[in-house]
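Keep the sequence at hand as you go.

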Amino acid sequence: YDNAHPDLISNTSLATSAVVNQAPAILNVSNKITAPVLIVDGEDDTFFCGSLEILNCADHAAVLSYESPYFTSAASLSYDSVPHTGHDLAISTSDDQSFAMINNWITTH
């Protein structure tokens, strides 16, 4: 459905979301989460990671280091990336890998 019905986003909306994504960790409400947290992303997600000079989604240690200030109260923080996948995991051709990662994490937590 997503691919068959593409939509447009304004530069203003995109810029606003970029600013929200870069909010200082102390202003982010995710630090109130006390349950274990899993972050799963496509290693080619240019929306979240941008260019490799900003954050490389394939570098698990770098992503965990970047994200950990946002989850200071979480019981644990885990990260996994799906190879050859971009931002929208659920409609990617690798969706089975994404769901397998998530299900495995749920089983072990």
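The protein has 3 helices and 2 strands. Read from the N terminus, these elements follow the order α-β-α-β-α. Keep in mind that this is a predicted model.

Now look at the chain as a whole. The protein has 109 residues, and 26% of them are buried. Its accessible surface is about 7,300 Å². Carbon and sulfur atoms supply 58% of that surface. Take the contacts with a separation of 6 or more: 65% of them join residues 24 or more positions apart.

Next, go inside. Which residues make up the largest nonpolar core? There are 10 residues in this core: Val-37, Ile-39, Cys-49, Leu-55, Cys-57, Val-63, Tyr-70, Phe-71, Ala-74 and Tyr-79. Pick out Val-63, one of these core residues. Set aside its neighbours within four places in sequence. Val-63 is then in contact with Phe-48, Leu-55, Asn-56, Cys-57 and Tyr-79. Among these partners, Leu-55, Cys-57 and Tyr-79 also belong to the core.

Finally, turn to Glu-67. This residue lies in helix H2, which covers residues 60-67. Is Glu-67 buried or exposed? Glu-67 is buried, yet it has no salt bridge. The nearest side chain of opposite charge is that of Lys-32, 17 Å away. A salt bridge requires the charged atoms to be within 4 Å, so Lys-32 does not qualify as a partner. What does Glu-67 touch, leaving aside its neighbours within four places in sequence? Glu-67 is in contact with Ile-39, Phe-48 and Leu-77. Ile-39 is one of the core residues, and Phe-48 is also a contact of Val-63.

Terms used. Residues are numbered from 1 along each chain as its sequence is written. This is a predicted model: local features need pLDDT of at least 70, side-chain atom pairs count only at pLDDT 80 or more; totals for chains, interfaces and linings use all residues. Side-chain values use heavy atoms; hydrogens and water are left out. A nonpolar core is a set of buried Ala, Val, Leu, Ile, Met, Phe, Trp, Tyr and Cys residues joined through side-chain atoms within 4.5 Å. Buried means under 20% relative accessible area, exposed over 50%, partly exposed in between (1.4 Å probe, protein chains only). Contact means heavy atoms within 4.5 Å. Helices (H or I, at least four residues) and strands (E, at least two) are DSSP runs, numbered from the N terminus. Lys and Arg count as positive and Asp and Glu as negative; His and the chain ends are not counted. Accessible areas come from the Shrake-Rupley method with a 1.4 Å probe; for residues, only the protein chains shown count as cover.
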